[in-house]
Amino acid sequence: MIHLSKAAASEIRRLQAKRQHPNAKLRLGVKTGGCSELYYNLDFDEAVHSSDVVYDCNGIPVVVDSESLKYTNGLTLDYTEDLMGGGFRFHNPNAVDSCGCGNSFSVSDASGSVKHLLQKN
């Protein structure tokens with residue numbers, strides 16, 4: 001399950017309305033890289049693949065590919081603004097470590113060792 005805060009949902013709707021294709025869905029993914037080996041990727045996408053999972057979060061469809069799902073289950077996406085600007089914040093119960101930017105993280109496997117690489121496609 002993926003959760004959106006009210007602030008994140010509001011910002012996603014605002015961004016969606018500005019797009020050329022306002023019916024595109026929010027796609028949440030995880031890619032290799034970043035300071036802690038994995039990083040979050042947010043984008044809008046019109047395509048939904050058969051292996052994708054689609055969540056209805058506050059009326060917003062959030063698409064997650066099957067590989068990213070194991071790293072994002074239970075994640076809460078928030079949006080905050082401060083004097084430095086606004087940005088999405090990821091609160092992930094699966095992350096055992098994250099970098100200062102908050103967009104990069106690592107997870108551990110069942111044995112407790114840090115697991116940080118996605119399957120290559």
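Author: T80 stands opposite G87 in strand 7. Strand 6 (76-82) and strand 7 (85-91) pair in the antiparallel sense over 7 bridges; two strands count as paired if DSSP finds at least two bridges between them. Strands here are DSSP runs of E with at least two residues, helices are runs of H or I with at least four residues, and both are numbered from the N terminus.

This is a predicted model, in which local features need pLDDT of at least 70 and side-chain atom pairs count only at pLDDT 80 or more, while totals for chains, interfaces and linings use all residues. Residues are numbered from 1 along each chain as its sequence is written, and side-chain values use heavy atoms, with hydrogens and water left out.

The strand pair belongs to an open sheet of 3 strands, in the order 1-6-7 and with mixed pairing. Strand 1 (3-4) and strand 7 are at the edges with a single partner strand each, so one side of each has no neighbour in the sheet. Helix 1 packs on this sheet and touches strand 1, strand 6 and strand 7. The direction of helix 1 makes about 80 degrees with that of strand 6; axes are lines fitted to C-alpha atoms, for helices over the stretch in contact, and angles run from 0 to 180 degrees between N-to-C directions.

I12 gives a residue-level view of the surroundings. Leaving aside neighbours within four places in sequence, I12 is in contact (heavy atoms within 4.5 Å) with L4, L26, F44, I60, L77 and F88. The largest nonpolar core has 25 residues, and those with the most contacts inside it are I2, I12, L28, V62 and L77. Such a core is a set of buried Ala, Val, Leu, Ile, Met, Phe, Trp, Tyr and Cys residues joined through side-chain atoms within 4.5 Å. Buried means under 20% relative accessible area, exposed means over 50%, and partly exposed lies in between, with a 1.4 Å probe and protein chains only. Among the elements that each supply at least two residues of this core are helix 1 (6-18), strand 6 and strand 7.

Aromatic rings come next. A search of the whole structure finds 2 aromatic pairs. Rings of Phe, Tyr and Trp (its six-membered ring) pair if their centres lie within 6.5 Å; planes under 30 degrees apart count as stacked, over 60 as edge-to-face and the rest as tilted. Y40 and F90 are stacked, at 4.0 Å centre to centre with 10 degrees between the planes. Y40 lies in strand 3 and F90 in strand 7, so this pair ties together parts 50 residues apart in sequence. Both Y40 and F90 are buried. Y79 and F88 form an edge-to-face pair, at 5.1 Å centre to centre with 65 degrees between the planes. Y79 and F88 are buried as well.

For the chain around this part, the count is 2 helices and 10 strands, following the pattern β-α-β-β-β-β-α-β-β-β-β-β along the sequence. Buried residues make up 36% of the 121 residues. Among contacts between residues at least 6 apart in sequence, 50% join residues at least 24 apart.
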